[in-house]
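I opened the model to look up how its strands pair. My notes follow the display.

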Amino acid sequence: MSETNNQTGKLYAKLAAVTAAVKRIPKNGRNAFHNYSYALESDITDGLRDLLHEHGVAFLPPAVVSWERDILPAAEGKRANSLTRVQYQFTLADCETGELLTSCWGAEAEDNGDKGFNKAATAAVKYWLMKTFLIATGEEPDEGPREAQRPAATPRPASARPPT
């Protein structure tokens, strides 16, 4: 049996408090080509930033564990694309105790230029945060809109958002 101190486990309580407080994030993004709406990564981070600060939890920059890029053959009338796959390690830290929680998450992105790695990073952050904090977007992927259980987060005006 390992010895624990009174600081162990505080991070989990703080994460539970953030999860309980986070609001539903609306799907403000729109993919016109494929005709679907999606939650923006910036809305998710905006919805969590103040809660993480309030509860003394730091989101540390993700570390790249591994990555690979495959060249996909050109489809008729289109250029060849590359498919980038990246494994990240995410870390949350308790600002009071220094306790850390790490976990890995993978993402992939297809791009015909040099943006595949950045697209995969955005997707990884977005979905890791959504799954870690049980963030709902208000509808199931296979269903139409439904009445949400929780109120939507109030989007910050563009002037209050940090530059990207």
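I began at the turn: strand 4 and strand 5 form a hairpin, with 5 residues between them. Gly98 in that turn has a positive phi of about 85°. I took helices (H or I, at least four residues) and strands (E, at least two) as DSSP runs numbered from the N terminus. Two strands count as paired if DSSP finds at least two bridges between them.

I noted the source terms: this is a predicted model, where local features need pLDDT of at least 70, side-chain atom pairs count only at pLDDT 80 or more, and totals for chains, interfaces and linings use all residues. Residues are numbered from 1 along each chain as its sequence is written, and side-chain values use heavy atoms, without hydrogens and water.

I then followed the pairing of strand 4 with strand 5, which is antiparallel and has 12 bridges. Gln89 stands opposite Cys104 in strand 5.

Strand 4 (residues 81–94) also pairs with strand 3, antiparallel, over 13 bridges. I looked up two partners in strand 4: Arg85 for Glu68, and Val86 for Trp67.

I checked how covered strand 4 is: 11 of its 14 residues are buried, meaning under 20% relative accessible area with a 1.4 Å probe, protein chains only.

Next I took the sheet as a whole: 3 strands in the order 3-4-5 make an open, antiparallel sheet. Its edges are strand 3 (57–72) and strand 5 (100–111), each pairing on one side only. The twist averages 15° from one strand to the next.

Last, I found helix 3 (residues 116–132) packed on the sheet, touching strand 3, strand 4 and strand 5; contact is heavy atoms within 4.5 Å. The direction of helix 3 makes about 135° with that of strand 5. Axes are lines fitted to C-alpha atoms, for helices over the stretch in contact, and angles run from 0 to 180 degrees between N-to-C directions.

Conventions
Buried < 20%, exposed > 50% of the residue type's maximum accessible area, 1.4 Å probe, protein only.
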